Amino acid sequence: MFPRSFDDEYVTIVRGDGPWIFDDDGNRYLDAAAGNQNVNVGHGRSEIARVARDQIERLEYTSSMLFANEPAMEFTEKISAFTPGGFEHTWLVSGGSEANESAMKLARQYHYERGNEGKYKVISRRRSYHGNTAGAMALSGFPARQTKMEPLFANFPTSVSGTPYRCEYCDGEGGRSCGIECANDIERLLQDEDPETVAAVIAEPVTGAANAAAFPHDGYFERIREICDEYDVLFIVDEVMAGFGRTGENFAIEHWDVVPDIITGAKGMSGGYAPLGGVMIHDRVVEPFRSLEDGFQHGHTYCFNPTSAAIGLAVLEYIDEHDLVENAREVGSYLRDRFDEFYQYDFVGDVRGKGLMLGVEFVGDRETKEPLAETGDEFRSLLFEAGLDNGIVTYPGGSHVGGDSGDHALITPPLTIDEALADEIVDRMHATFDNVGAELAD
């Protein structure tokens, strides 16, 4: 293997069972990160494994450039019933970065086919993350993951993050009026860039790796929808992490009364059982493509892969049959209330989130929100290792303050957990924070 880091010694995971994973020494960990926020239905589901085996034995692959296949058709039909009204078509890919790249290209061609050939820019937000391929990274407001590769990226404009904690305008107390003001920053950017050059705005309704479960003030997304309509700009919501039930709605944007033009998804879309992503496209955006002889100028070898589609369908059926979206809402609300206990630690500055997508932000000074002195890899390694010592997997991140400091952790357990397991998450995090606090005090 070419590891992510040659300096790190990685624990080897050999087995998973529901919300638990096991290493090669027999240690058991509560997977409060759900793999990489993708194991929404839990590990080791035999019914999904049987679907995968049956499909591989029947038809493992066929080219989407030349043929259709039944699993892809059945899965996309199921997705259309899961999405908000008006989303009847899905473009299937292999992951979140591909989904966001596809959405960007779709928005570009949408305008091109309508005679607006100058529209190509995509406005995103600071403290955002949309993927690790060149186009998706160009959309991301995440300097820590961009710096070494930045010459490869397009210089797309970024707006304020619009989230209350560390809000650029109100520092958290502005409410709906500040949500509108944060959204108006996108209008100012549109005017500065020239609206005739802007194809789309992209945003995570609940932010993932770049800002641990943060979401904007009320009024923010409603105002973005108005701005996009006024300037003939598409509104893309990145639901790669937050979609498919994680926040207690089918898609996180449904927490607000807003219908986007494009929804991207991945991660929980396949429950971690296969590489899979998708672009869900509103009918109004599909319309210009219907009469094109050469269609959408895009595609990859594994688009509409029948094995991945069969697995995705099985996962979505499992979500429906076990009411996991409702479970995420109810157990997530219970877990969020318990997270308030973490304010007993001086180094916890904020807890936030929706459903089973929760975040904890760490600070050196709660009043000033000054980041930890130990900010960065030193603290995140300490947090992760302390978690493993206490039998829990957390997902540390940061660098959201000035691009080089700040620390937070995502807690995103499988959507299958109950209140007893939520209590166990809190207990194990208390033990973890006790260890971290002792180390910080030394």
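Predicted model: local features only at pLDDT ≥ 70, side-chain atom pairs only at ≥ 80, totals over all residues.
Tyr220 belongs to helix H8, and, when neighbours within four places in sequence are left aside, its contacts are Arg125, Val160, Ser161, Gly162, Gly179, Cys182, Ala183 and Ile186.

Helix H7 (residues 175–193) and helix H8 (residues 220–231) have axes that come within 8 Å and cross at roughly 25 degrees; because angles under 35 degrees count as roughly parallel, H7 is described as roughly parallel to H8. The crossing in which H7 passes H8 is right-handed. On the H7 side, the residues that meet H8 are Arg176, Gly179, Ile180, Cys182, Ala183, Asn184, Ile186, Glu187, Leu190 and Gln191, while H8 contributes Tyr220, Glu222, Arg223, Ile224, Ile227, Glu230 and Tyr231.

Helix H2 (residues 46–58) packs with helix H10 (residues 306–321) at an angle of about 155 degrees, and their axes are 9 Å apart. With an angle over 145 degrees, H2 and H10 are therefore roughly antiparallel to each other, and H2 passes H10 in a crossing that is right-handed. Glu47, Ile48, Val51, Ala52, Gln55 and Ile56 of H2 make this contact with Pro306, Thr307, Ala310, Ile311, Ala314, Val315 and Tyr318 of H10.

Helix H3 (residues 70–82) also packs with H10, their axes coming within 8 Å and crossing at roughly 35 degrees, and here the crossing is left-handed. From H3 the contact involves Pro71, Ala72, Glu74, Phe75, Lys78, Ile79 and Phe82, and from H10 it involves Pro306, Ala309, Ala310, Gly312, Leu313, Leu316, Glu317 and Asp320.

## Gly272 in the loop between S9 and S10

Gly272 is located in the loop between strand S9 (262–265) and strand S10 (277–282), where its relative accessibility of 42% makes it count as partly exposed. Its C-alpha atom lies 9.4 Å from that of Val315, a residue 43 positions apart from Gly272 in sequence. When residues up to four places away in sequence are not counted, Gly272 touches Asn38 and Lys267.

The structure contains 20 aromatic pairs. In one of them, Phe347 and Phe433 are arranged edge-to-face, with 5.9 Å from centre to centre and 85 degrees between the planes. This pair links distant parts of the chain, since Phe347 sits in the loop between helix H11 (324–339) and strand S11 (348–354), whereas Phe433 sits in helix H13 (residues 419–441), 86 residues apart.

How values were computed: Residues numbered from 1 in each chain as written. Heavy atoms only, no water. Phe/Tyr/Trp six-rings, centres within 6.5 Å; stacked < 30°, edge-to-face > 60°. Helix = DSSP H or I, 4+ residues; strand = E, 2+ residues; numbered from the N terminus. Axes fitted to C-alpha atoms, helices over the stretch in contact; angles between N-to-C directions. Parallel < 35°, antiparallel > 145°, perpendicular 65-115°, else oblique. Left-handed = near helix turned anticlockwise from the far one by under 90°. Contact = heavy atoms within 4.5 Å. Buried < 20%, exposed > 50% of the residue type's maximum accessible area, 1.4 Å probe, protein only.
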